[in-house]
Amino acid sequence: MSNTTKPIKRNQSLVQLSREHHFSLLFGWKIRQGIKNNTPSARMIPYAEYFWKHHLLPHFREEEEILFIPVSDPLVIKAKEEHEQIRQLIESLSTIQDILAGEKLLRLADQLDKHIRFEERELFPHLEKVLQPDQLERIGKLLKEAAAPEEEDRYEDAFWNLKSSL
C-alpha cells in the first residue's frame with residue numbers, strides 16, 4: 001500500500017489561491033537554498049521584498065478583501081493575524097543587521113510555510129463548509145477579476161541556484 005498523501009480536493013473557486021500558495025512555498029524553498037548556499041543576505045532580502053510586493057501582498061489582499069469578508073470566526077481571525085506577522089517580518093528585513101538577516105529570512109520562510117499549510121489543511125476546508133455555494137461562486141468570480149497579472153516569479157538573480165551563489 002502506498003504511503004503518499006492524497007491531494008486535497010479544492011473547490012474550483014479557491015483553486016487560484018491554492019495555486020498562489022504553491023509559488024509561496026517555492027519562495028520559502030528558494031530562501032532556504034540561498035541560506036544553505038551561504039548566499040549573502042544582501043542578495044536575498046531584495047528578493048523577499050520583491051516577492052512581497054508582487055506576490056504575497058496581492059495574495060493577502062485577495063484573501064482579506066474577498067475571501068474572508070463573509071466569515072469572521074477564529075480560523076479567519078487566525079489567518080489575518082498570521083498575515084500581519086508575515087507582513088511585519090518582511091518590513092523588518094530592511095532594518096535588520098546583516099548578521100541576523102539569515103535567521104530572520106529562515107523564520108520568514110518557516111512562518112510562511114506554516115501559514116500556507118494552515119490555510120490549505122484547515123481554513124479552506126472550513127470555508128468550503130460554511131460558505132454557501134453561491135457565495136463561493138461569487139468569491140471565485142471576484143478572485144478571478146482581482147487576480148494579479150504576474151503569476152510567475154520573474155526575479156532575475158537566481159541566488160538559490162548553487163552556481164549563481166558562488
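In which helix does D113 lie? D113 lies in helix α4, which covers residues 98-130. Helices here are DSSP runs of H or I with at least four residues, numbered from the N terminus. The model is predicted, so local features need pLDDT of at least 70 and side-chain atom pairs count only at pLDDT 80 or more, while totals for chains, interfaces and linings use all residues. Residues are numbered from 1 along each chain as its sequence is written, and side-chain values use heavy atoms, with hydrogens and water left out.

D113 is buried, at a relative accessible area of 14%. Buried means under 20% relative accessible area (1.4 Å probe, protein chains only). D113 touches L25, G28 and R32, not counting residues up to four places away in sequence. Contact means heavy atoms within 4.5 Å.

Helix α1 runs over residues 15-36. At 1.5 Å a residue, its 22 residues should span 32 Å. The expected span is 1.5 Å times one less than the number of residues. The end C-alpha atoms of α1 are 32 Å apart, which agrees. Just after α1, N38 takes a positive phi of about 60°.

A nonpolar core is a set of buried Ala, Val, Leu, Ile, Met, Phe, Trp, Tyr and Cys residues joined through side-chain atoms within 4.5 Å. The largest has 25 residues, of which F27, I31, Y47 and L108 touch the most other members. Helices α1, α2 (41-67), α3 (74-93) and α4 each supply at least two residues of this core. Helix α2 gives the most, with ten residues. A second, separate core of 16 residues includes L17, V76, A79 and L136.

Definitions and conventions. Buried < 20%, exposed > 50% of the residue type's maximum accessible area, 1.4 Å probe, protein only.
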